[in-house]
Amino acid sequence: MDARPPSPQDSAVPDDHAAAHPGAHPTAPEPPLDLALWTLRPDADGQPDLGALRGHLSENEWARVSSFRDPDHAWSSAATRALLRVMLSRFHGADPLAWHFVTEPGGRPHVDMTRTPHALSPETRPRFSLSHTRGLAACAVSLGPWPEGADLGVDAEWTARSLPAGRLARRFFHADEASALEAVPRGPRRESLFFTLWTRKEAVLKALGLGIANNLGLYSCVGEPAHLAGSAALVGDPDCWQLGSEDATPVHRLSWAVRLPGHRRAGRVRLTRRDAVGWAL
């Protein structure tokens, strides 16, 4: 295994309340939300080893992934579940296979609160999000207590492909995002921006528990750092969101999104990041 050790990364949103109201009593800052984001790649030669993941999957999970004909898809799908189980065990206790999951009608999985390995409250319930693409598995898991109603999403995309970025954005994205793409000359820079916007948008929808159908054009995630804007009925208060993006590898773009409940504005997300090659986590 070739792994980068976990490293906390603070991402802060400044609080200008005291500067704007010099006579006001300062309020205690909200504690940061802790988030672990791990990615896993196949071995150094890029060869997926599905068998190495067998012991970290349930019987149902193994039956599902072993039925896939595409070995790359089988590996990346299995790797996300194996990552999830290892991370839940590492950060929330219990044996990796002691965790059970249910799927919402919109397709988002979450911890089955009727079969937890130990007592959990609405605040200590682990939130998680999964993504996999060619040659990469990604898993984000909440650490410690999160306020009830908070959630997260992560999305990764393989970028070593050419896409009609402008045409796709005009058809599916918010008008502000389509305009931002049109302002960039055709070529690698435009395609890079497209994948950044795409992964941000999917991460937001995953945090909301929604699919992409009929939703992508209702909000935008432009800017550096990303600023969320659009339908309040869909995304709520933009100040309750925090987003981040990075190149997980030279050919993978990765974004995450954290949503706070409406009564609490986003403050800081303290990110623990790890990337591994092979499986020996």
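Helix axes here are lines fitted to C-alpha atoms over the stretch in contact, with angles running from 0 to 180 degrees between N-to-C directions. With that in hand, two helix pairs can be read directly. The model is a predicted one.

**Overall make-up**

The protein has seven helices and 12 strands. It counts 281 residues, and 43% of them are buried. The exposed surface comes to about 13700 Å², with 53% of it supplied by carbon and sulfur atoms. Take the contacts between residues at least 6 apart in sequence: 67% of them join residues at least 24 apart.

**Helices H2 and H3**

H2 covers residues 59-66. H3 covers 71-92. The axes of H2 and H3 come within 9 Å and cross at roughly 160 degrees. Angles over 145 degrees count as roughly antiparallel, so H2 is roughly antiparallel to H3. The crossing is right-handed. On the H2 side, the contact is made by Glu61, Arg64 and Val65. H3 contributes Ala74, Ser77, Ala78, Arg81 and Arg85.

Glu61 deserves a separate look. Glu61 lies in helix H2. Is Glu61 buried or exposed? Glu61 has a relative accessible area of 11%. Buried means under 20%, so Glu61 is buried. Its side chain is joined to that of Arg85 by a polar contact of 3.0 Å. Leaving out neighbours within four places in sequence, Glu61 is in contact with Arg81, Arg85 and Phe101. Of these, Arg81 and Arg85 belong to the H3 side of the helix contact. Phe101 falls in strand E3, which spans 101-103.

Glu61 and Ala78 are 17 residues apart in sequence and 7.5 Å apart in space. Leu83 and Leu57 are 26 residues apart in sequence, with 9.7 Å between their C-alpha atoms. Leu83 sits in helix H3. At 0% relative accessibility, Leu83 counts as buried.

**Helices H5 and H6**

H5 runs over residues 175-182. H6 runs over residues 188-208. The axes of H5 and H6 come within 9 Å, and the crossing angle is roughly 160 degrees. H5 and H6 are therefore roughly antiparallel to each other. This crossing is right-handed. From H5, the residues in contact are Glu177, Ala180, Leu181 and Glu182. They meet Arg190, Leu193, Phe194, Leu197 and Lys201 of H6.

Thr199 is also in H6. Thr199 has a relative accessible area of 0% and is buried. Which residue does the Thr199 side chain meet in a polar contact? The partner is the side chain of Ser255, at 2.7 Å. Residues up to four places away in sequence aside, Thr199 touches Asp155, Ala156, Glu157, Arg253, Leu254 and Ser255.

The residues with computed accessibility are set out below.

| Residue | Relative accessible area | Class |
|---|---|---|
| Thr199 | 0% | buried |
| Leu83 | 0% | buried |
| Glu61 | 11% | buried |
| Ala94 | 33% | partly exposed |

**Backbone exceptions**

Most residues other than glycine have a negative phi, and most peptide bonds are trans.

Ala94 is one of them. Where is Ala94 placed? Ala94 is in the loop between helix H3 and strand E3. At 33% relative accessibility, Ala94 counts as partly exposed.

How values were computed. Residues numbered from 1 in each chain as written. Predicted model: local features only at pLDDT ≥ 70, side-chain atom pairs only at ≥ 80, totals over all residues. Heavy atoms only, no water. Helix = DSSP H or I, 4+ residues; strand = E, 2+ residues; numbered from the N terminus. Buried < 20%, exposed > 50% of the residue type's maximum accessible area, 1.4 Å probe, protein only. Polar contact = N/O pair within 3.5 Å; in protein donor to acceptor, adjacent residues only side chain to side chain. Contact = heavy atoms within 4.5 Å. Areas by Shrake-Rupley, 256 points an atom, 1.4 Å probe, with all protein chains shown as cover. Parallel < 35°, antiparallel > 145°, perpendicular 65-115°, else oblique. Left-handed = near helix turned anticlockwise from the far one by under 90°.
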